[in-house]
Amino acid sequence: MNTANSFKLFDDLVSYLDEARSRAHRVLHHFVSGKRPFLLRTDLLDGFQALCESEGGEALQQTPLAEILQMSQEAATDTQWFYLALRPRIGRWRYLRIHLETVEAEEIVVSQFLRFKERLVDVNETPEWTLEVDLEPFSREFFKPRETRSIGRGVEFLNRRLSSRLFEEQGKGQQRVLDFLSMHAYRGQPLMLNGGITRVEDLRRALRSADRLLAGAEADTPWSELARELRSLGFEAGWGANAARIRDTMQLLLDILEAPSPDALETFLSRIPMIFSLAILSPHGWFGQSNVLGRPDTGGQVVYILDQVRALEKEMRQRLNEQGLDIKPSIVVITRLIPEAEGTTCDQRIEAIAGTDYARILRIPFREASGEVVPQWISRFEIWPYLERFALDVERELLAELGGRPDLVIGNYSDGNLVATLLAQRLGVTQCNIAHALEKTKYLYSDLYWRENESQYHFSTQFTADLIAMNTADFIITSTYQEIAGTDESVGQYESYSAFTLPGLYRVVHGIDAFDPKFNIVSQGADPDVYFPAADRERRLVHLYGEIEQLVFGEDTAADIRGALAEPDKPLLFTMARMDRIKNITGLVEWYAESPALREAANLLVISGHVDPQRSNDAEERAQIQHMHDLMDAHGLETQIRWLGKHLDKDLSGELYRVVADRRGAFVQPALFEAFGLTVVEAMSSGLPTFATCFGGPLEIIEDGVSGFHINPNHGEAAAEKMAAFLQRCRKEPAYWDKLSQGSLERVAARYTWKRYAERMMTLSRVYGFWRYVTDLERSETRRYLEMFYALQYRPLASF
């Protein structure tokens, strides 16, 4: 071992193992005796706590071994060795192993740890040589933040570090800015600068002359009245709509040329007319505006994108207006055309997006190698063989639809991000990725046991696509910090791709770095026209009350309804999500069924899936539906649960949140893991107290006890007790419900709105476009490496 690379705690551990061998052996024996090859952090902490509480266990506490176990994320063991993956702090990893016979420790590198895990999975399938993917050498010279608080604030870091670096060599840096400004045009018409300015000194001189001219003009003088004189100085439209705005923008540029500051640079870049058209990729599922939510693979992502598009169009129109440009923005959402549309609009090639003027859905079919169109819906886990051909078809039809290439390509989920990668590389445009949910952290050991899952999930293909798309994106948007880097106790979704192995296929020793400045946290909101407080009586959709009354409190049941509430005056616990294992709807029903206090305090309203399992095309959903029926039968829940296997439109669901609030109920989001939690934001926007999983985005959205409550889906009994205690307290203290309701509204208003989202997204696209142009932020070497990885690994995997 190279002791120069060790850390002090490891040195303390070595001494402790030497001095207290018998105590250390007791700890190791405890873990190994269970004959489990892999142990999670919870297994290690719970097991060690049990030891400490046993006879003589006090001596085990406050030791270097105890500290090592506290920072361990996982362990792997056999009869000879005890391997540990340590996470001393967020995003930073160390690895060590302890020999079980000699009780001696040594530090190891990540590849040794991964190789050991591979051997534990199947010693007979571990080849002598395995491909190792290491992307770290490509970014060694690239600036990255070091502090965990900087994770997810990539654009701030880049502006701080690169703005000063860019202008260290003043002539070169300033010339790059000039070149960047000179390249802007719209359909052949130059913007910002014309050919009259070719040198930095000419630019400075022209800006000073323009400032004198504008100082004498009325602030609201439009560009059209100033255009002739400003054009003679070398300027074109795009600086602003009137004299005041034009002058302010030009002064920002003069300040940057004189002494650049990060804030001034970002403000200036945010004003440059760069983004006129967007392409948004979302291939899988049933993408439409009605009659699709709740279908397999169709939920929050569809709602997210439609709300995103409306917010982005408003922001684009506002910025173009402020820039003084009479240009109409264009947004195209690209998804799959499904001929067997089952009553949806998914068989229509073009569909205008409601609430917008210039946005539409463009649907393009999947094709077999023969060129034949695939007619039926396909699970998101099965679409990989079609995506490369789909990307080529998208390129052709998108260019025709827009009349040229888009200014920004946004990918969604693993499949959309891969198509965005292929499209952005071919067109040479800026690429943004949005994961929504990375499957790798949702399914335990899905990488190690990929073979066992391959026939159903094809994780090897998806994880390979993820790795490629993450590293090719110019910037990545996440909704929460946890999505990137987790917490002090848990690993982030993206962080999980830093090192992993697919035994027998390849191992990743450096995949993605949580500290990469491409990561930016930009949280979405809920549509304010649909999700607003129950107390806002003038906006309430009173004409829907009769329909909601019948849906929720009616006695009639049908093929898509089960249960009729015997005591309709009770408060409602309301949950709404897809019927799959991760969303954990059946878990919530089981908690409710086994809690007499909760059953006494409230009824349960479930909107999820189908009531008839035969109506589902998804095997996992059918299994969950059957489990739901079994629970209702076993616990006699027919008069306490109302289960609607329906897909409600947005207006109806928005008013339903408010009806639940009227009855002093609560919303429950019980998922085993939730990347963000859009329904949580929707419920909170309606003033509905919310209980949500502590795993994923809701941990950040909700301030526990202030704007809602966190629940642990792995401890259902405790979650049920927490909900029952809240409802019981509210019955005695009505003001307590009001306090939580108000806390929910204040939290959403401060952090989760689409206006804030759109403003940030448009600024990020400009800033990253700028840095991509003036530096090697494009990372061309990485792209070439990944092109080879795509051809040699992804293509064969996707040919199933």
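# Exercises: a cavity and a strand

The largest cavity has a volume of about 900 Å³. The model is a predicted one, and the exercises below are worked from it.

**Exercise 1.** Describe the lining of the largest cavity: which residues lie nearest its centre, and which helix gives the most?

*Solution.* 
Step 1. A search of the whole structure finds four cavities of 30 Å³ or more.
Step 2. The lining of the largest cavity consists of 49 residues, and those nearest the centre are G299, G300, Q301, R578 and K583.
Step 3. Three helices each supply at least two lining residues: helix 12, helix 22 (650–662) and helix 23 (678–685). Helix 12 gives the most, with five residues.
Step 4. Sorted by class, the lining holds 19 nonpolar, 18 polar and 12 charged residues.

**Exercise 2.** Describe the second largest cavity: what is its volume, and how do its lining residues divide by class?

*Solution.* 
Step 1. The volume is about 50 Å³.
Step 2. The residues that line the second largest cavity are N417, N433, A435, L438, D466, A469, M470, I476 and Y494.
Step 3. Helix 16 (residues 459–472) gives the most to this lining, with three residues.
Step 4. Six of the lining residues are nonpolar, two are polar and one is charged.

**Exercise 3.** Explain why strand 9 (residues 277–281) is largely enclosed by the rest of the structure.

*Solution.* 
Step 1. A residue counts as buried when its relative accessible area is under 20%.
Step 2. In a regular strand, side chains alternate between the two faces of the sheet. Each face therefore has to be checked.
Step 3. On one side of strand 9 are S277, A279 and L281, on the other L278 and I280, and all are buried.
Step 4. Because five of the five residues of strand 9 are buried, the strand is largely enclosed by the rest of the structure.

Technical notes: Residues numbered from 1 in each chain as written. Predicted model: local features only at pLDDT ≥ 70, side-chain atom pairs only at ≥ 80, totals over all residues. Heavy atoms only, no water. Buried < 20%, exposed > 50% of the residue type's maximum accessible area, 1.4 Å probe, protein only. Helix = DSSP H or I, 4+ residues; strand = E, 2+ residues; numbered from the N terminus. 1 Å grid on protein atoms, 1.4 Å probe; cavity = no way out; pocket = protein on both sides within 12 Å on 5 of 7 lines; lining within 4 Å. Points joined across faces, edges and corners; volume = space filled by probe spheres on them. Nonpolar A, V, L, I, M, F, W, Y, C, P; charged D, E, K, R; others polar.
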